Amino acid sequence: MKLILIVSLLTLHLALSEEEIKKDEGVLVLTKKNFASALSDIEHILVEFYAPWCGHCKSLAPEYAKAAQKLASDGSPIKLAKVDATEEQELAEEHGIRGYPTLKFFRNGKPSEYTGGRTSEEIVNWLLKKTGPPAVDLKNGDQSKAFIEDNEVAVIGFFKDQSSEKAKTFLSVAAVLDDVKFGITSDEEVYADHDVSDDAIVLFKKFDDGRVNFDGEWTEDAVKTFVQGESLPLVVEFNHETASKIFGGEIKSHLLIFVSKISEQYQKAYEAAKQLARDFRGKLLFVTVDTEEEDHQRIIEFFGIKKTELPTMRLIKLEEDMTKYKPENPELTAENMKSFVQAFLDNKLKPHLLSEEIPEDWDSKPVKVLVAKNFREVVLDETKDVLVEFYAPWCGHCKQLTPIYEKLAEKYKDNQSIVIAKMDATVNELEDTKIQSFPTIKLYKKGDNKVVDYKEKRTLEAFVKFIADETGIVVEEPTPEAKEEEEEEVHAKDEL
């Protein structure tokens, strides 16, 4: 009787826990109150920490919901959840959330970083790979045909002995490449269907050559490079679905071709790029960016490309802190593209650094406005300490910081020893300072120009303490009487 009562109470507890967690299009809505119970009750759960105003979060939302619905329809126990980090700030702080969206995968309550793509298919594939075998066991011809048909890219390992060293190498690669589906087989019928007689890896794809056989050295690096290089088209079209594969892949050097897809130049540029892409496969990724798409304006701005410059091309090297290169000749011909790419690979190009013109009123307000062209002159002035906020106009955290930063500058506006400044780092670049996130705040100390990164809270009090600790500059707070007089003065001006 006692056992029945305990089981009943546990069942009731789980039922109540499930009722407490609301769903939005199949996605669990988590809060501080139900977060711990969700992690306790659900073995595998992917959690998105988001901000309602975040553009990337809005783009992810429909794909995230589709992924949750797909898993549910397939009867998977894996759940997708989300947390509004602007409402649940304490929860976001506990999990070290610094940007949006941030996705974390919890297995039995233990977190790990989500490293998959942002489409529903990529999310589902990543989760299935993390919670199941790295490669699907294909036991007959029908299963192998369905596997190839159901996936844009399908990699099949053919191994008579699945415990062999070659098979282990294949499975090790399958375990780390989350955005590609892997299958494995020892079935004779599958061997015959695909004209395979010995151990082999075959990549099937619904573009370019259709099928590619691995013929390299049987090492993890070689197999991984083969799969990654062949799983993308020779020329990739930049869009929401491919962005994560382009910028998150192993190939970190990209030639981006900015051209309108409805223009006469598009097909010629595409064919020229495709002609070259075979020769540079594995070294460089060729990407087209449709300049007519409104969603692509951000990437065009990122490269500092003006409308009058289109169509054009740029090179970027991601492993070198997003270093960009601009061609002397922007013509989108095969010969010109090849010359540009070869000069890049031969290290004969100089980085292209963006800069706005110096505003006439750059120093008219307490917060001084910096651009790349006046940065060194202002910041490296050995007679002054200079605090610089590197910001992005679209960054929500930067917008939240603005009133605090302006109050900070107001406090020091009459002090000749310190400068409070800001720079739009999306359109101004520095050779020796690479900004990875927004806002980034740095103090350049007078005398030796030593750089100190600001890592404290973004409050007025924290900034004032930081400046005092690092520079010795202390701002005297006005007395209550002085504050009252100032308020009366402001009030009198308002009445006038």
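This is a predicted model: local features need pLDDT of at least 70, side-chain atom pairs count only at pLDDT 80 or more; totals for chains, interfaces and linings use all residues.

1. The largest nonpolar core has 23 residues, and the members that touch the most others are L255, I257, L284, F286, L315, L332 and M337. Two or more residues each are given to this core by the strands β13 (253-259) and β15 (312-317) and by the helices α11 (264-277) and α13 (334-345). Helix α11 provides the largest share, namely six residues. As general background, nonpolar side chains in soluble globular proteins tend to be buried together.

2. F286 deserves a separate entry. Once neighbours within four places in sequence are set aside, its contacts are L234, V235, V236, L255, A273, L276, A277, F280 and V341. Among these, L255 is also listed with F286 as touching the most other members of the largest core.

3. Leaving out residues up to four places away in sequence, F340 touches L255, M313, R314, L315, Y325, K326, P327 and L349. The C-alpha atom of F340 lies 9.3 Å from that of P330, a residue ten positions away along the chain.

4. The model contains 22 aromatic pairs by the ring-pair rule. One of the pairs is formed by F258 and F303 and is edge-to-face, with 5.5 Å between the centres and 65° between the planes. F258 belongs to strand β13, whereas F303 is in the loop between α12 (297-302) and β15, so the pair ties together parts that are 45 residues apart in sequence. Both F258 and F303 are buried.

5. Ring pairs also join F159, F170, F182, F214, W218 and F226 into a cluster.

6. Two lysines are placed over aromatic rings. K160 lies over the face of Y191, 4.0 Å from the ring centre. For K324, the charged end sits over the ring of F302, at 4.2 Å from the centre of that ring.

Key:
Residues are numbered from 1 along each chain as its sequence is written. Side-chain values use heavy atoms; hydrogens and water are left out. A nonpolar core is a set of buried Ala, Val, Leu, Ile, Met, Phe, Trp, Tyr and Cys residues joined through side-chain atoms within 4.5 Å. Buried means under 20% relative accessible area, exposed over 50%, partly exposed in between (1.4 Å probe, protein chains only). Helices (H or I, at least four residues) and strands (E, at least two) are DSSP runs, numbered from the N terminus. Contact means heavy atoms within 4.5 Å. Rings of Phe, Tyr and Trp (its six-membered ring) pair if their centres lie within 6.5 Å; planes under 30 degrees apart count as stacked, over 60 as edge-to-face and the rest as tilted. A charge sits over a ring if NZ of Lys or CZ of Arg is within 6 Å of the ring centre and within 35 degrees of the ring normal.
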